[in-house]
Each structure stands twice: as structure tokens, then as C-alpha cells.
Amino acid sequence: MKDYLVKALGFNDEIRAMAVSSTQLVDEARRRHNCWPTASAALGRTLTVATMMGSQLKGQETITIRINGNGPIGSIVVDADSHGNVRGYAAKPGVHFQYNSGKLNVGMAVGTDGVLSVTKDLGLKDFFTGQVPLQTGEIGDDFTYYFAASEQIPSAVGLGVLVEADNSVRAAGGFLIQVLPGASEETLTKLENVLKTIKPVSTMIDEGYTPEKIIETIFGTDHKILDRHDVKFECHCSKEKFEAGIISLGKDEIQSMIDEDNGAEAVCHFCMENHHFDADELAKLKEQA
């Protein structure tokens, strides 16, 4: 199933929801960063929620999520835009923890002694940043708390990543449910009952649920689909952007690169693409420094 996201209104237009299948984009991140299973789950859950939050943006607006619970995985950083493009990395992707049940212990990898921060670039002079202390390190619970505490929107976030024995991602996806102003007590009760019985997201995706089917599972027939768009792992790094960074180092540092290494390698943290600069290219950048 191709990765994509749907947005919907349900329960008499009093609840908005998003659901996304993200298996391919999470596996692409896993492959690029050589993630171990629990790191794949932690990074994959963050990438998945970022796609849903990005879908709420407009035009060229972007969002950056940073999670650091001082756990073994270190920081998780994810960028997303309004067009379904998302990229991200975990500082230490070689971590793996399990509960006795065999379920991946994301909370142990991420830790809880730290914060979750969300920065939105809305194209204005200043950025909007919201920050909350981590609650469980399981990502979904932490974003549920973030929406309530930082954006004052009662929400429910479901995220899941299922990893195969060969470390590939078998299923990944998520949903984001948010209560709109004026929602009735009857609607809130219906929503609470749904959340008590809904299957884990990774189970639904693994069983072949489409994002539309997940929405139907939440709302039944009382809903309408508002939008549908593809999502993918996409990095916008380029050799030209790294050139600006090298120029900023100054002439002496660039000359050292030429003398000591006869060139330079620049690796993007987000996608792990390697950009090579030979001595002649560095000499031209030195002239611009």
C-alpha cells in the first residue's frame, strides 16, 4: 500500500481526524540510518506524527520536532512540510530494547528526563515554539500531552511501527484525533468509547487497513473525507547548501581541508547523503570566503 494521509471530520463535524499509512517512508528512514528495531520504532513514530502535523500547515510553512529524553537513543529531530514531505534522524540509531512480552520498549530508548519541542516556521519574522516535558517517551502519549498542554487542543494520538526479524519495517502508521470547540458531551462519550476499543495502529496497518478504513473505524459512517495526499521521506539538502556552510568556516579552515585531505566530505544528518568537494572546488569556495 502506498503511503498517504487522509483528513476527515466526524461525529456531526465536532471531531477532526487524520490517519496515515507510513510504512515505506519509515522503512526508508530505517534503511538510510541503519536503525535497530527500537530506534526504527521511535524515529518512525515521530516521522509519522510529523506528517500529520505538517498536513495542518499551509504553503511553504514547515515544522521541526525535537525530542530528547536523555535516553540511549539521544535526540530525535524531524522536519515536515505541508506537502507530505518528511525527513528525520535519531542521534544514536543502534539501540534496541524490548519488554518481556517482546514489544519494543520505545520509552526506555527515548527516556523521560527531557522535553518534546515543536517549532513552526509560518513564514513570519518569529517562529512559534511549544515545549513540554516528556511523559512516557513512547511518543504517542507525549504528543497527546503536547496538544493539550501547549496548543490547548484535547487530542488523542495513536502511532505504531511493526518491525520484521530482518529489521525492515513491516507496518507503520498513525492517527490524530482532535476535539473541536463546542463538541457535545454525547460526542465526547462516543469518542471515549471508540478509543477504549480501537486496535493498535500497527496492527490495523498490518491487517491491510487503509487510512480511510482507520477513519471509518473511529467514526463509523458519521464522517466525511476532506483531503487525501501522498507522504514520503524527502530531504531537501543539496551540495549548494553545504557550499554556504563551508564558506562560513573561513579561508584558514578551508585551506586546512585542502592541505590535509585534498578535499572534503559533507554528510547530511537527515538523509545520510554524502556530498564530496575536491581540492579545486574548495579553492573556489575559499575565494568566496
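These legends describe close-up views of a predicted model.

Residues are numbered from 1 along each chain as its sequence is written, and side-chain values use heavy atoms, with hydrogens and water left out. In this predicted model, local features need pLDDT of at least 70 and side-chain atom pairs count only at pLDDT 80 or more, while totals for chains, interfaces and linings use all residues.

**View 1. Helix α1 crosses helix α2.** α1 covers residues 23-33 and α2 covers residues 37-54. Helices here are DSSP runs of H or I with at least four residues, numbered from the N terminus. The two axes come within 9 Å and cross at roughly 135°. Axes are lines fitted to C-alpha atoms over the stretch in contact, and angles run from 0 to 180 degrees between N-to-C directions. α1 and α2 are therefore oblique to each other. Angles under 35 degrees count as roughly parallel, over 145 as roughly antiparallel, 65 to 115 as roughly perpendicular and the rest as oblique. The crossing is right-handed: the near helix is turned clockwise from the far one by less than a right angle. From α1, L25, V26, A29, R30 and H33 meet S40, L43, G44, L47, T48 and T51 of α2. Contact means heavy atoms within 4.5 Å.

**View 2. Helix α2 is mostly covered.** Of its 18 residues, 18 are buried. Buried means under 20% relative accessible area, exposed over 50%, and partly exposed in between (1.4 Å probe, protein chains only). α2 reaches 25 Å from its first C-alpha to its last, close to the 26 Å expected. The expected span is 1.5 Å times one less than the number of residues.

**View 3. T38 lies in helix α2.** T38 is buried, with a relative accessible area of 0%. Leaving aside neighbours within four places in sequence, T38 is in contact with V95, H96, F97, L104, N105, V106 and A109.

**View 4. L162 sits in strand β8.** Strand β8 spans residues 155-163; strands are DSSP runs of E with at least two residues. L162 counts as partly exposed, at 28% relative accessibility. Beyond residues up to four places away in sequence, L162 touches S168, V169, R170, A171, S202 and D206. A172 is ten residues from L162 along the chain, and their C-alpha atoms are separated by 6.2 Å.

**View 5. Helix α8 packs with helix α10.** α8 (residues 239-248) and α10 (residues 279-288) meet at an angle of about 55°, with their axes 9 Å apart. That makes α8 oblique to α10. K239, E243, I246 and I247 of α8 make the contact with E281, L282, L285 and Q288 of α10.
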